[in-house]
Amino acid sequence: MHINLVIAQLINIFVQFLNRNDMKHLLFTLSLLIALSMTVNAQVDKITGKWKTIDDKDGSAKSIVSIFKATNGKYYGKIEKLFKEPEKLCTECEGTNKGKPVLGLMIINNLIEKDNKLTGGTILDPKNGKVYKCNISLESGGEKLNVRGSLDKGGWIGRSQTWIRIK
């Protein structure tokens, strides 16, 4: 069931209990509502941290990306380490990123929390300089990250990568 529907139903139950003046049920429902909201936020917050990116072709480690939540409430990701060619420049990038060092480059931009994942923003592939729509979700108990870059809004045309959490 969609999380918003669950919350709406819990609020409805909460209002019914208020009308009955049943303090025991009121406290139980309120506790359940708080626990549910904390669980949803905690899942997305687990996406923040450092992640090792893996090369699609040979399976080797490419970089370390740090994903963080900014003060504007959106999520971003920055390359903190390159395992190969640490001096590499983003020669294929366009605009303000053209010619900038890949190390330190903000590659994930403006993601928002929706349905227990991050979506609505973009991801930059420094190898080809292209910017894709991005969706990120946790898998395997929070130790792996599914990162999907796509050309279309629905995410049908694109590719996915699995990133590994750095402890």
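Select Cys-134 to begin: the residue is buried, with a relative accessible area of 2%, where buried means under 20% relative accessible area, exposed over 50% and partly exposed in between, with a 1.4 Å probe and protein chains only. Keep in mind that this is a predicted model, in which local features need pLDDT of at least 70 and side-chain atom pairs count only at pLDDT 80 or more, while totals for chains, interfaces and linings use all residues. Residues are numbered from 1 along each chain as its sequence is written, and side-chain values use heavy atoms, with hydrogens and water left out.

Next, select Cys-90 and Cys-93, which form a disulfide with their sulfur atoms 1.6 Å apart; a disulfide here is a pair of cysteine sulfur atoms within 2.5 Å, and by this rule the count comes to one. The torsion about the S-S bond of Cys-90 and Cys-93 is about 50°, so the disulfide is right-handed, and both of these cysteines are buried.

Move on to the strands, which, like helices, are DSSP runs numbered from the N terminus (strands E, at least two residues; helices H or I, at least four). Strands count as paired if DSSP finds at least two bridges between them. Select β3 (residues 75–82) and β4 (residues 106–114), which run antiparallel and are joined by three bridges; here Gly-77 stands opposite Ile-108 in β4.

Now select Glu-85 in the loop between β3 and β4, which has a positive phi of about 50° although it is not a glycine and, at 55% relative accessibility, counts as exposed. As background, most residues other than glycine have a negative phi.

Finish with the one aromatic pair that the structure holds. Phe-68 and Tyr-76 are stacked, at 6.0 Å centre to centre and with 25° between the planes; rings of Phe, Tyr and Trp (its six-membered ring) pair if their centres lie within 6.5 Å, and planes under 30 degrees apart count as stacked, over 60 as edge-to-face and the rest as tilted. Phe-68 is partly exposed, with a relative accessible area of 32%, whereas Tyr-76 counts as buried at 12% relative accessibility.
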